[in-house]
Amino acid sequence: MDETIRPNNLCQEGEEPLLELRNLHKYYSDGYHAVRGVSYSIPPGKLVGLIGPNGCGKSTMMKCINRMHDPSSGEILVDGESVLNKPPQDIAKIIATVPAELRNSFGLTVFETVMLGRYPYLKNVWWETEDDESVVEDALEKFGVLHLQDRQLNMLSSGEMQRVLIAKAYVQEPRLMLVDEPTSHLDMKYKLDVMEYLNAMVKKDMTVLVAEHDISLMARYCDMCIIMKKGEIKGIGKPKEVITPQLIREVYEVDASVGFDDEGELFVLPKRFQSDHGTL
């Protein structure tokens, strides 16, 4: 294995990585270098938080992993196999994506939306099997939206919508799930609700990589965190080991208090912004 990967290898000795990135670069057509030589490997059955300010490369990196973007160079492997030459239908069987929001629901119901997650497995072009329907119904019940199955998506609350999108990804039966800012439009109760669902899913030997701005929320639920700035990794490891006042200052350019509550959970309290001319 390349030497540049070893410092970011989060697998235990003898443990095979589920996801592995090797020296990944992504340039856009205007020359912007969005992802800069990112290398890491993470094991199966983990909830991994992807943290960093806007424009740090989180979403671009995830879009390279699920092949919505073509990386400029580097390698992406899932279960030891490169995804760079796989057809979309094969990628959809191992990688599922939960977007931050669904921009157009096309009048679909909850049931129809979740059934779209079975597309990679459909043997018939125009209809699904009883097994597909059973998988979808089980997922709707698991994520608490079975009673909404006939409701159109545009009639759902933000919390209900997130659970439906997670259910759609879940029925793809992926090895890796990429979740982009799942709690950005949710109130406190539903933030916890969504994270509890994601946390429960990784116990099924599925790794979940979730991009999120709420550092305290990530520290509470994630097994490990990857912190990015300007397309590079600035910290990677267990949240309580890598999230420090120094790292917050370097990545976000703010002074912050990092402490622990009575239950030993880490929290981050931003205090002041550090400008180029000193503290404001």
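1. Let's start with the largest pocket, which has a volume of about 590 Å³. A pocket here is an open set of points on a 1 Å grid over the protein atoms alone, with protein on both sides within 12 Å along at least five of seven lines. Its volume is the space filled by probe spheres set on the points, the probe being 1.4 Å.

2. A word on the source: this is a predicted model, where local features need pLDDT of at least 70, side-chain atom pairs count only at pLDDT 80 or more, and totals for linings use all residues. Residues are numbered from 1 along each chain, and side-chain values use heavy atoms, without hydrogens and water.

3. Who lines the largest pocket? Helix 2 (88–92), strand 6 (95–98) and helix 5 (158–170) each give two or more of them; helices are DSSP runs (H or I) of at least four residues, strands (E) of at least two.

4. The second largest pocket holds about 380 Å³. Among its 15 lining residues, K63, P99, A100, E101 and D180 lie nearest the centre. Helix 1 gives the largest share, 3 residues.

5. Now look at strand 6 again: it is an edge strand of the sheet, as is strand 10 (232–237). Strand 6 pairs with strand 7 in the parallel sense over 4 bridges (pairing needs at least two DSSP bridges). I95 has L176 of strand 7 as its bridge partner.

Key
On a 1 Å grid over the protein atoms alone, a cavity is a set of points where a 1.4 Å probe fits but cannot get out, and a pocket is an open set with protein on both sides within 12 Å along at least five of seven lines; lining residues have an atom within 4 Å of a point.
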